[in-house]
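Q: I'm new to this one. Can you walk me through what's on screen?
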Amino acid sequence: MQPCFTFKKCGNCCYNQIVHRKNIITYILVVSLLAGLFLPAVNAVASSSPYLLVPAADVNAADLIVAMNTLRVSNGLPALVEDPIIDSVAQGTAQTMAANLLSWHIGNVSGRLQAAGYGGGARVWATENFATGFFKSLDEIMLVWSDASHMIPAVVPAYCNIGAGVAKASNGQTYYVLQAAYTSAKSCGDYKSPGVTPKPGSTTTSDGISQIIVPVKVATPDADGKIFHVVQAGQSLWSIAIAYKITVKDLQQWNNLPANSKIQVGQKLFIPGSNTAGYFTPTPPGMVQISTPGVDGKIVHVVQVYQTLSTISQAYGVDLQTILTLNGLQVDWPLQIGQKLVIRPAQVTPSPTPRPLTPIEKLTPDSDGKYYHTVHSGETLTWIANLYQVRLADLMNWNGLNASSILKINQKLLLQVTPPATATFTPGPPTATLTATQIPYTPTATRSPTPLEDQPTPIPTPAASSGGNPGLWIGLAALVVAGFFVGVFLWRRR
């Protein structure tokens, strides 16, 4: 084929080359376009999972107040009103506990609120909840507060006001504190802390937290014994979980809901219960893990969150005063997370001191197999007889002596005695080691729930790695190279 320098010399050749070059360019563009369309599709699949895109939000003080008020309203009681003084004291409490890594309450919450000005000098009654850990949701915090002592703000009608605080500790954990109180001065609706001027008809707290909460009406089981809740306006997963005494995680797992999903009015949710196969109620937190004795029998307990001297002594079955004495503590001293407490000292049995051997036990037989005493300066027959506890007459008869006999230094006197066997100390059987009894809190392994038959099971989508798929890129490169050579081949044929 002639090169196309000028159109006049080879008109047909130039035309064919131009056409074939256009075909090659078109072919390469088509291959590139297909590759470009394929790559975005792969990236779209990798980013479609909501679990990878939406991180868990931090729980703040307002969340704690709304959650407790939701519980209170579900029990038929009016919502507690947020109070700035209680907010301040709760925040200060959270910061103090976080700074010192405390495992339990500071104490006297009523006195601290009254000293801060709450109640205007009148008597104050108050209760305090706290939780600490690496919580990822409000659901986990409220699970810690699910027992009767922490549900006081939600079930006792006398309480009027509420406040909360949150603080981070140096170990990365977060402390959550919620306080509720009332005063003897006035009724709930009449009392307002100094400096607070509510707007007439206002339905929000000082931080804009709504005080209007609509309780969730619990549904009844159907003919098969299953419970389905139909979502109503103003309801959330949290309020529904509280009403049915389950967790938000339960609702999400048993209804195949993504972590960031929003429920819709009219949506039908399955409510798992005690009769649902594979469902287990969560184990209440706060158990005391018993430490095993060391080789010397010593027991040391490492303090964990929500543990007190009282609960620790009960768990080990050891008197509280014993723990105080062993550790040099006083009963009102707070414990720190990670603090080591001696529950039982080392059980060291002292070795028995052997008694001295008697003179007759110290004797060793001579070459003839008999026992002799070698006379030393100052010794007499009477003294030697008393030394070996034998009769003087026997000693003289054994040696052919009489009362007038004179002893000589280094003279050997025959002792016709049989020395007793030397007692050898034999250790007794080892003493049984006292085993501490664990308190009846047993962590329960959470089983994965079995999805309902009428609920679609989401297919997990594999996440794309940051470096892409090497096999995919190699395949695309090979496709482009093959296309290039095919184009060259066609071009040369023409």
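Q: Let's start with lysine 370. Where is it found?
A: Lysine 370 is in the loop between strand S8 (340–344) and strand S9 (371–374). Keep in mind that this is a predicted model.

Q: Is lysine 370 buried, exposed or partly exposed?
A: Lysine 370 is partly exposed, because its relative accessibility is 44%. The partly exposed class sits between under 20% for buried and over 50% for exposed.

Q: What does lysine 370 touch, leaving out residues up to four places away in sequence?
A: Lysine 370 touches Pro365 and Leu414.

Q: And how far is its C-alpha from that of valine 417?
A: The two C-alpha atoms are separated by 8.7 Å. Along the chain, lysine 370 and valine 417 are 47 residues apart.

Q: Buried or exposed?
A: Glycine 378 is exposed, because its relative accessibility is 73%.

Q: How far is glycine 378 from leucine 407?
A: They are 9.6 Å apart in space, C-alpha to C-alpha. In sequence, 29 residues separate glycine 378 and leucine 407.

Q: What about glutamine 389? Where is that?
A: Glutamine 389 is in the loop between helix H12 (381–387) and helix H13 (392–399). With a relative accessible area of 74%, glutamine 389 is exposed.

Q: What is its phi?
A: Glutamine 389 has a positive phi of about 55°, although it is not a glycine.

Q: Asparagine 256 next. What is the phi there?
A: Asparagine 256 has a positive phi of about 55° and is not a glycine. Its place is in the loop between helix H9 (248–254) and strand S6 (268–271).

Q: Let's step back. How many helices and strands does the chain have?
A: The chain has 14 helices and 10 strands.

Q: How much of the chain is buried?
A: Buried residues make up 35% of the 494 residues.

Q: And the accessible surface? How much is there?
A: About 30100 Å² for the chain. Carbon and sulfur atoms account for 59% of that surface.

Q: Among contacts with a separation of 6 or more, what share joins residues 24 or more positions apart?
A: That share is 67% in this chain.

Q: How many residues does the largest nonpolar core have?
A: The largest nonpolar core has 52 residues. Those with the most contacts inside it are Leu64, Met68, Ile141, Met142, Trp145 and Ile240.

Q: Which residues does isoleucine 240 contact, leaving aside neighbours within four places?
A: Isoleucine 240 is in contact with Val216, His229, Val231, Gln235, Leu251, Ile263, Leu269 and Ile271.

Q: How many residues are in the second core?
A: The second, separate core has 17 residues, including Ile360, Val375, Leu381 and Tyr388.

Q: Now leucine 178. Where does it lie, and is it buried or exposed?
A: Leucine 178 lies in strand S4 (residues 174–183). It is buried, because its relative accessibility is 0%.

Q: What does leucine 178 touch?
A: Setting aside residues up to four places away in sequence, its contacts include Leu64, Ile65, Met68, Asn129 and Trp145. Leucine 178 and isoleucine 65 are 113 residues apart in sequence, yet 7.5 Å apart in space, C-alpha to C-alpha.

Q: And histidine 150? What is it in contact with?
A: Beyond its neighbours within four places in sequence, histidine 150 is in contact with Met68, Asn129, Val144 and Trp145. Histidine 150 sits in the loop between helix H6 (138–144) and helix H7 (152–155). With a relative accessible area of 12%, histidine 150 is buried.

Q: Last topic: serine 313. Which helix is it in?
A: Serine 313 lies in helix H10 (residues 309–316). It is buried, because its relative accessible area is 9%.

Q: What does serine 313 contact, leaving aside neighbours within four places?
A: Serine 313 is in contact with Val318, Asp319, Leu320 and Ile323.

Q: How do the axes of H10 and helix H11 cross?
A: They cross at roughly 110° and come within 9 Å. H11 covers residues 320–327. The two helices are therefore roughly perpendicular to each other.

Q: Which residues meet there?
A: Leu309, Ser310, Ile312 and Ser313 in H10 meet Leu320, Ile323 and Leu324 in H11. By class, this contact has five nonpolar, two polar and no charged residues.

Technical notes
Residues numbered from 1 in each chain as written. Predicted model: local features only at pLDDT ≥ 70, side-chain atom pairs only at ≥ 80, totals over all residues. Heavy atoms only, no water. Helix = DSSP H or I, 4+ residues; strand = E, 2+ residues; numbered from the N terminus. Buried < 20%, exposed > 50% of the residue type's maximum accessible area, 1.4 Å probe, protein only. Contact = heavy atoms within 4.5 Å. Axes fitted to C-alpha atoms, helices over the stretch in contact; angles between N-to-C directions. Parallel < 35°, antiparallel > 145°, perpendicular 65-115°, else oblique. Nonpolar A, V, L, I, M, F, W, Y, C, P; charged D, E, K, R; others polar. Areas by Shrake-Rupley, 256 points an atom, 1.4 Å probe, with all protein chains shown as cover. Core = buried A, V, L, I, M, F, W, Y, C linked by side-chain atoms within 4.5 Å.
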